[in-house]
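Trainee: I would like to learn how to read a fold step by step. Could we begin with the general idea each time and then turn to the case at hand?

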Amino acid sequence: MTVKSKKSLFILFFLFSFVIMVWSTNKPIIVNEDIFIYCWTDILAGIITIYVMFFFIKELRNEWNDTVKSIKLFILVIASPFIVPFFVKLFFEQSLMLFFHILTSEKSIKVVKVKDKISLRRCQNGIELQGYSFVNGRICGIPEEHLNRLKYGDQITIEGESSYFGFTTEKIKYIYKEKKEPTDTSPDADWKKQPSKSYKVL
């Protein structure tokens, strides 16, 4: 494969990835984390990062006499270990999963448990779910009246689209834990339940 064809392939993959990521920005999906067993996305991100770095290093050697191009390529080599893994993981762990999810999903109901509450710039009034990572286990935009009552271990029933790749949320039913009055289990419990009696003083 020639250098020109490699460049074209790289550009096409980048454009495809960029379009998919932009399209999936406003379509949140909670991904089935069993898909990421053996950390294959981390390994893939490492391989692609190394490949991109060597590609830019090779181009840097070819353009060494051109000061402007060599500076740009040198910056790309330095930035690759920080930028490439982020976009690779984002693409494979969210954007691509959402793409496959939409192709294979069907209506379903799922019960999950609340792990914690969060309030971030990109996820206002959100909650994290037990059993999911901080990236894939968030539901944002919970109404204030429900968010204030939710606590650790509360269940929510999610109606939406489900597939092997994950699920998306269309409607949420909230189930709160009821506070139970403490019960007295002491030997004198029955005696304490008896109504008090008043006696006349002789």
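Mentor: Let us start with what counts as an element: helices, of at least four residues, and strands, of at least two, are DSSP runs, and they are numbered from the N terminus. Please keep in mind throughout that this is a predicted model.

Trainee: In which order do the elements of the protein run from the N terminus on?

Mentor: The order is α-β-α-α-β-β-β-α-β-β-α, and the protein has 5 helices and 6 strands.

Trainee: How should I read the sheet, and what is the order of its strands?

Mentor: Two strands are said to pair if DSSP finds at least two bridges between them. Here the 6 strands make an open sheet with antiparallel pairing, and the order across it is 1-6-5-2-3-4. Strand 1 (30-31) and strand 4 (138-139) are the edge strands, since each of them pairs on one side only.

Trainee: Which helix packs on the sheet, and which strands does it touch?

Mentor: Helix 3 does so, touching strand 1, strand 2, strand 5 and strand 6, and its direction makes about 75 degrees with that of strand 5.

Trainee: Why is strand 5 described as largely enclosed by the rest of the structure?

Mentor: A residue is called buried when its relative accessible area is under 20%. In strand 5 (residues 155-163), 7 of the 9 residues are buried, so the strand is largely enclosed by the rest of the structure. Across the protein, 31% of the 202 residues count as buried.

Trainee: How do I read the way two helices cross, and at what angle do the axes of helix 2 and helix 3 do so?

Mentor: Angles over 145 degrees count as roughly antiparallel. The axes of helix 2 (residues 40-62) and helix 3 (residues 67-104) come within 8 Å and cross at roughly 160 degrees, which means that helix 2 is roughly antiparallel to helix 3. The crossing of helix 2 past helix 3 is right-handed.

How values were computed:
Residues are numbered from 1 along each chain as its sequence is written. This is a predicted model: local features need pLDDT of at least 70, side-chain atom pairs count only at pLDDT 80 or more; totals for chains, interfaces and linings use all residues. Side-chain values use heavy atoms; hydrogens and water are left out. Buried means under 20% relative accessible area, exposed over 50%, partly exposed in between (1.4 Å probe, protein chains only). Axes are lines fitted to C-alpha atoms, for helices over the stretch in contact, and angles run from 0 to 180 degrees between N-to-C directions. Angles under 35 degrees count as roughly parallel, over 145 as roughly antiparallel, 65 to 115 as roughly perpendicular and the rest as oblique. A crossing is left-handed if the near helix is turned anticlockwise from the far one by less than a right angle, and right-handed if clockwise. Contact means heavy atoms within 4.5 Å.
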